[in-house]
Amino acid sequence: MRPLLMTPPPRILVVAGEASGDSHAADLVAALQARRPDLSFFGMGGSRLAATGVELLFDAREVSVMGITEVLPRIPRILQIMKGLAQAAAERRPVAAILVDIPDFNLRLAKKLKALGIPVAYYISPMIWAWRRGRVHTIKRLVDRMLCILPFEEDFYREAGVSARYVGSPVVEQIPAPDSAVAFRTQLGLKPDAPTLALLPGSRMSEIRRLLPTMVDTARTLSAERPGLQVVVPVAPTIAREEVLSRFEGSGVTPILIEGRAPEVVGASDAAVVASGTAALEAGLMQRPLVVIYRVSLITYWVGRMMLQVAFVSLVNLLAGRRVVPELIQGEATPERIAEEVRRVWTPGTPRDEMLKGLAEVRGRLGETGAAARAAESVMELLPPRAI
């Protein structure tokens with residue numbers, strides 16, 4: 001009698017970059033595991049994906065860089081990782097691939113996967129509607145299902161012939177329920193009655209280097225004006241605590257570091273200074289006043305300026321269709337300007353009330369929770385039927 005041959009479980013390749021992508025990908029994997037326990041996953045990501053049981057061949061931190069000058073020294077290693085993922089896909093033959101954000105990396109990888117006949121679902125759409133719109137033709141050719149997290153993206157892609165679905169914003173379900181600043185401070189072990197400033201410098205080392213020193217100088221200015229000010233910094237899992245603490249040395253400001261939990265840190269604050277990106281949207285959904293800042297290398301900035309096709313850089317303002325929160329970019333992101341904007345909205349008054357009203361409108365436009373579940377249903381449509 002011949003021995004029975006065991007069929008390996010269907011595999012899915014998952015590729016995510018920095019901390020927010022890792023978090024969104026982990027929620028999607030968990031939703032797929034609930035629907036198809038027979039699936040197995042491998043690829044690239046961070047601690048959240050690892051916690052779901054995904055076999056990580058590469059660490060997301062190795063490709064989590066932004067800006068032309070920041071990327072150039074890392075290109076050989078990034079290409080090596082891309083080649084490794086493509087080889088793994090060729091050997092393991094996944095039934096589908098889920099690519100999350102990091103478009104410069106993932107769209108190139110998608111080309112290799114398409115050549116292997118592997119269906120590609122793309123979660124967290126590249127912001128090609130903001131710049132490099134010509135990429136939509138590449139996406140049409142390489143991506144089988146675009147899973148959008150901003151409400152206007154679905155129409156943009158469908159008009160270009162891309163199979164797209166707005167699944168909702170995963171940020172909505174990843175933030176805690178509304179509560180008072182005092183309640184969040186108590187949860188985090190902070191002084192409940194002390195004035196509190198949140199600093200969110202980002203989850204990439206390049207952001208820590210470029211943004212955190214300016215944030216520290218801002219905190220020093222505001223600390224002199226507000227005795228007892230608590231300066232709280234959520235530390236992303238991609239960043240070593242020492243990298244954050246070293247930027248405060250000699251400033252006279254002693255930060256309180258919290259492992260992750262960025263939304264709760266914002267919820268505990270009277271105001272927040274936040275790096276532009278997903279963190280700014282998370283902060284806005286916590287309904288606290290914030291100032292968005294960003295700074296990249298001069299080359300990256302000028303290239304971006306020439307290609308940018310939208311009026312704002314922060315997702316909060318893009319979703320609102322107007323300036324709800326201040327955006328201080330490049331040379332405007334000085335400690336003096338940031339502190340000035342924070343002062344405007346620190347205490348009750350018209351500027352603060354108008355900002356909070358705008359943030360509430362943005363929250364309403366993102367719809368209900370359940371993005372990961374809806375994304376999982378779309379991915380399931382790309383999978384072969386389950387073996388009986």
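Predicted model: local features only at pLDDT ≥ 70, side-chain atom pairs only at ≥ 80, totals over all residues.
**Salt bridges**

Side chains of opposite charge can pair when their charged atoms come close. In this model the count comes to 21 salt bridges, and three of them are set out below.

| Salt bridge | N to O distance |
|---|---|
| Glu225 and Arg343 | 2.7 Å |
| Glu243 and Arg247 | 2.7 Å |
| Arg323 and Glu341 | 3.9 Å |

The salt bridge between Glu225 and Arg343, with its closest N and O atoms 2.7 Å apart, links distant parts of the chain, since Glu225 belongs to helix α10 (residues 205-225) and Arg343 to helix α16 (residues 335-346), 118 residues apart. Glu225 has a relative accessible area of 39% and is therefore partly exposed, and Arg343, at 35%, is also partly exposed. In the pair of Glu243 and Arg247, Glu243 is partly exposed with a relative accessible area of 29%, and Arg247 counts as partly exposed at 22%.

The side chains of Arg323 and Glu341 meet at 3.9 Å, N to O. Arg323 is partly exposed at 48% relative accessibility, but Glu341 is buried, because its 7% relative accessibility falls under the 20% limit. Salt bridges that share partners join Arg323, Arg337, Glu341 and Arg344 into one network.

**A positive surface patch**

Lys83, Lys111, Lys112 and Arg141 form a positive surface patch. Of these residues, Lys111 is found in helix α5 (residues 103-115), and Lys112 lies in helix α5 as well. Lys111 counts as exposed at 56% relative accessibility, while Lys112, with a relative accessible area of 37%, is partly exposed. The C-alpha atom of Lys111 is separated by 9.0 Å from that of Thr138, a residue 27 positions away along the chain.

**Aromatic pair and backbone**

A search of the whole structure finds one aromatic pair. The ring centres of Phe156 and Tyr157 are 5.3 Å apart and the ring planes stand at 80°, so the pair is edge-to-face; Phe156 and Tyr157 are both buried.

Most residues other than glycine have a negative phi.

Note on methods:
Residues numbered from 1 in each chain as written. Heavy atoms only, no water. Helix = DSSP H or I, 4+ residues; strand = E, 2+ residues; numbered from the N terminus. Buried < 20%, exposed > 50% of the residue type's maximum accessible area, 1.4 Å probe, protein only. Patch = residues over 30% accessible without salt bridge, like charges linked within 9 Å, V, L, I, M, F, W, Y side chains within 5 Å. Areas by Shrake-Rupley, 256 points an atom, 1.4 Å probe, with all protein chains shown as cover. Salt bridge = Lys/Arg side-chain N within 4 Å of Asp/Glu carboxyl O. Lys, Arg positive; Asp, Glu negative; His and termini not counted. Charge placed at Lys NZ, Arg CZ, Asp CG, Glu CD. Phe/Tyr/Trp six-rings, centres within 6.5 Å; stacked < 30°, edge-to-face > 60°.
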